[in-house]
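Please look over the structure below.

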Amino acid sequence: MRTAVAELTTLTLRWMLLLALPAASALAVTAGWSSSATPTAAQLAAGKEAGEVALWASVRSPRARKTELWELKLFFKADDDMQEQLGLRRQRDQDDTFGLIAGIAVAGVVASSFIEASSLPPPAKLPLGAFCSLAPFVALVAGVAVPQELQGVVLAFRRRNPAYRQRQNYHEAGHFLVGYLLGLEIDRYNAASADGSGAEVSFVSPIASTRTHDAVDGVAVLAMAGIAAEVIACGGAEGGYTDVAQLRGMLNAALPPISTGKDQDDRIRWATLMALTMLQNERESLDVLAEQFATMEDVGQCIRALEAVARRDRN
């Protein structure tokens, strides 16, 4: 009798343990998002199902429609060239790079003429004159051969300006927040820093696993989110030319391709309007996220800060 009771007790305990395992596992996954440095999509989904996560995957990927420039004007504070601010034309980073090349060329010519007319001793005059004479050609060659590296030098110099770093923080926060709203898993981010290091937001699973127009629509909104965040926070955009160039490449690769300049510009305007609308609706979250970027908090802390804002708004 005791043996039978013992076996029954053991069997009951095993069943209780088996039944408890899924619940414990689910609890671990749910709790994971609130402590992980990089919460996974599974952890966030479990947290959302448990009612702990509200902002993640709260927006469905929108579908493109024709958009006019006047619709975007509603979001612009500065009366600047919207075509340029949307990355449809050359932007300040490129202008500054060209200005640097032109400045070096002019300075080289002027300095060379000044040295030639000076009374410096030949041992100093000859090498200085040769250096100044070659400077314009070196600058022009660099502008043609390594334009990205030269632009990187310009950006590194500009990033030493706190106002510019704040602008870049908002730019990257825009990408981060829109990706989060669309339900993407965020792997890491790097905001602008004073030493000139690069800025980016990296997602584990990109939206465009296929090249259909529906998938490309989501990518387009994500790509334009940085420019949209600058417009909302600063009244206009200075960065984003690279974002637009990459987006144009994806539009060309879509099935069927979106290849004409007019069609691409229409898609860019629509994507910007969608990103502007999403970020304006979550303006407080955007501001909080930019503050997190300024102190280089980890992804998990950024996400918890966003969800704290969502909970406060909900209450």
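With which residue does D265 form a salt bridge? D265 pairs with R248, and their closest N and O atoms are 2.8 Å apart; a salt bridge here is a side-chain nitrogen of Lys or Arg within 4 Å of a carboxyl oxygen of Asp or Glu. This is a predicted model, in which local features need pLDDT of at least 70 and side-chain atom pairs count only at pLDDT 80 or more, while totals for chains, interfaces and linings use all residues. Residues are numbered from 1 along each chain as its sequence is written, and side-chain values use heavy atoms, with hydrogens and water left out.

- Helices (H or I, at least four residues) and strands (E, at least two) are DSSP runs, numbered from the N terminus.
- Over the whole structure, the search finds 14 salt bridges.
- R267 and D217 form a salt bridge through their side chains, at 2.6 Å from N to O. This pair also links distant parts of the chain: R267 belongs to helix 11 (residues 261-281) and D217 to helix 9 (residues 213-234), 50 residues apart.
- Both R267 and D217 are buried; buried means under 20% relative accessible area, exposed over 50%, and partly exposed in between (1.4 Å probe, protein chains only).
- K66 and E68 meet in a salt bridge at 3.9 Å, N to O. E68 counts as partly exposed because its relative accessibility is 36%.

**Packing of helix 9 and helix 10**

- Two packed helices are described by the angle between their axes and the distance between the axes.
- Helix 9 and helix 10 pack at about 170°, and their axes are 9 Å apart. Axes are lines fitted to C-alpha atoms, for helices over the stretch in contact, and angles run from 0 to 180 degrees between N-to-C directions.
- Helix 9 is therefore roughly antiparallel to helix 10 (under 35 degrees counts as roughly parallel, over 145 as roughly antiparallel, 65 to 115 as roughly perpendicular, the rest as oblique).
- On the helix 9 side, V216, V219, A220, A223, M224 and I227 meet D243, V244, L247, M250 and L251 of helix 10; contact means heavy atoms within 4.5 Å.

**G183**

- G183 is in the loop between helix 8 (162-181) and strand 1 (186-190), and is partly exposed, with a relative accessible area of 21%.
- Leaving out residues up to four places away in sequence, G183 touches W56 and A57.
- The C-alpha atoms of G183 and L55 are separated by 8.8 Å, although the two residues are 128 apart along the chain.

**Aromatic rings**

- The count comes to three aromatic pairs. Rings of Phe, Tyr and Trp (its six-membered ring) pair if their centres lie within 6.5 Å; planes under 30 degrees apart count as stacked, over 60 as edge-to-face and the rest as tilted.
- F176 and Y189 have ring centres 6.1 Å apart and planes at 85°, so the pair is edge-to-face. F176 lies in helix 8 and Y189 in strand 1, so the pair ties together parts 13 residues apart in sequence.
- F176 is buried at 0% relative accessibility, and Y189 is buried at 11%.
- F176 and F293 are edge-to-face because their ring centres are 5.6 Å apart and their planes are at 80°. This pair links helix 8, which holds F176, to helix 12 (residues 283-294), which holds F293, 117 residues apart.
- One aromatic cluster is formed by F176, Y189 and F293.
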